[in-house]
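Subject: Structure handover

Hi,

Here is the structure we talked about. My notes follow below it.

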Amino acid sequence: MRKRETNAYHECIRFMRILAIETSCDETALALLDASGGIRNPKFVPRKNIVSSQIAVHKPFGGVVPNLAKREHLKNLPLLYAREFSGGKEKAPDVVAVTVGPGLEPALWAGIEFARNIHKEIKKKNPKTKLIGVNHLEGHLWSFLLGKNVKPDIFPAVALIVSGGHTVLLQMKSLTSWKKLGETLDDAVGEAFDKVARMLRLPYPGGPEIQRLAERGEPTIPFPRPMLHNKNYNFSFSGLKTSVLYYLRDNPKAKKADVAASFQTAATEVLVKKAMRAAEETRAKSVILSGGVAANKFLRECLEHNAKSRKMKFFAPPMDFNTDNAMMIGTAAYISLLRKKTRKLQANGNLGV
Ligand code: KG4
Ligand code: ZN
């Protein structure tokens, strides 16, 4: 076989149509995607991508209520599936993939039970369809692959995953092998954004609200930069959050936009400086940012600027794929199957990366 024919052959045997389901928190998400190219050159073509947010349901409580999330997932999943995915004459999926953790266990179980039922239905059309569990954090980790211009030669890399539940720094030797360098010892950075937003009487979810308010303020308040000078790569955000609380108590007339800008700057400085130190010390070629907080324009631009000024490449998911979605679960399903490391179909709220 000539080289071009060999490549076409490999693309074709590694082709998978994947139906992905994500219910780990307050987004009910379903996606259908075509994956190909193998580990060396993975490519993903979205065919359908639905994210149904429960923000309005949880807003009155100022945060996500696990049993309400479960109830909403159980209600929404069959409705969304019937409306958007069933009845077509298209080829049936080769894989049904569902998030099994980390996340809220009642919410995860809702997704897993639904995946089991749908898998039974799909098997009637395609008896070879597999049903697999996926790690939500691996979904975030590989979500940058959904962007354009991702070439295979980007490793070694440093990856920073920042979400509502996690703040993790990884050293990636390749797409499929990594080592955890550090993580938060208390609050995740997204959680700190949400809690500070509550102190400022901004609605849930607080991250985007803080970003908006910060654009009108100046970072004039010297909030602490927790663990910035520690030698390790761990983080801590609960002290920063408490400093904001005390500052607001002692300065009731403070300009809220300045508080938001100062908090955002303090959190970003710690994340960027520690990620860049890790990137330099591990001689990384690239820096990868993902997770819901990767939607933060200030953080994204700071990290990109710092990486590029050191001649490193910078990758982050396209804007639609920062916060929870099922396309990233489909992406992780593909890579997990190719590396033969799928997860048990059992909800695990504390699953690590
Ligand atoms: O990844 P994600 O959707 O859910 C988890 O896996 O936790 O992340 C949600 C988190 C929330 O804390 C939310 O406030 C934060 O991401 N977030 C942001 C922004 N957009 C979402 N934080 C800061 N700036 C944003 N623009
Ligand atoms: Zn997430």
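At what angle do helix 6 and helix 8 pack? The angle is about 10°, and the axes lie 10 Å apart. That makes helix 6 roughly parallel to helix 8 (angles under 35 degrees). Axes are lines fitted to C-alpha atoms over the stretch in contact, with angles from 0 to 180 degrees between N-to-C directions. Helices are DSSP runs (H or I, at least four residues), strands likewise (E, at least two), numbered from the N terminus.

This is a predicted model: local features need pLDDT of at least 70, side-chain atom pairs count only at pLDDT 80 or more, and totals for chains, interfaces and linings use all residues. Residues count from 1 along each chain as written, chains are lettered from A and ligands numbered from 1 in written order, and side-chain values use heavy atoms, without hydrogens or water.

Next, the metal. His136 (NE2), His140 (NE2) and Asp324 (OD) coordinate the zinc ion (ligand 2) at 2.0 to 2.1 Å. Donors are N, O and S atoms within 2.8 Å of the metal (3.2 Å for Na, K and Ca); water is not among the atoms, so the site may look incomplete. His140 and Asp324 are 184 residues apart. His140 is buried at 0% relative accessible area, and Asp324 is buried at 15%. Buried means under 20% (1.4 Å probe, protein chains only).

Last, the core. The largest nonpolar core has 47 residues (buried Ala, Val, Leu, Ile, Met, Phe, Trp, Tyr and Cys joined through side-chain atoms within 4.5 Å). Helix 9 gives the most to this core, 14 residues.

How values were computed. Parallel < 35°, antiparallel > 145°, perpendicular 65-115°, else oblique. Buried < 20%, exposed > 50% of the residue type's maximum accessible area, 1.4 Å probe, protein only.
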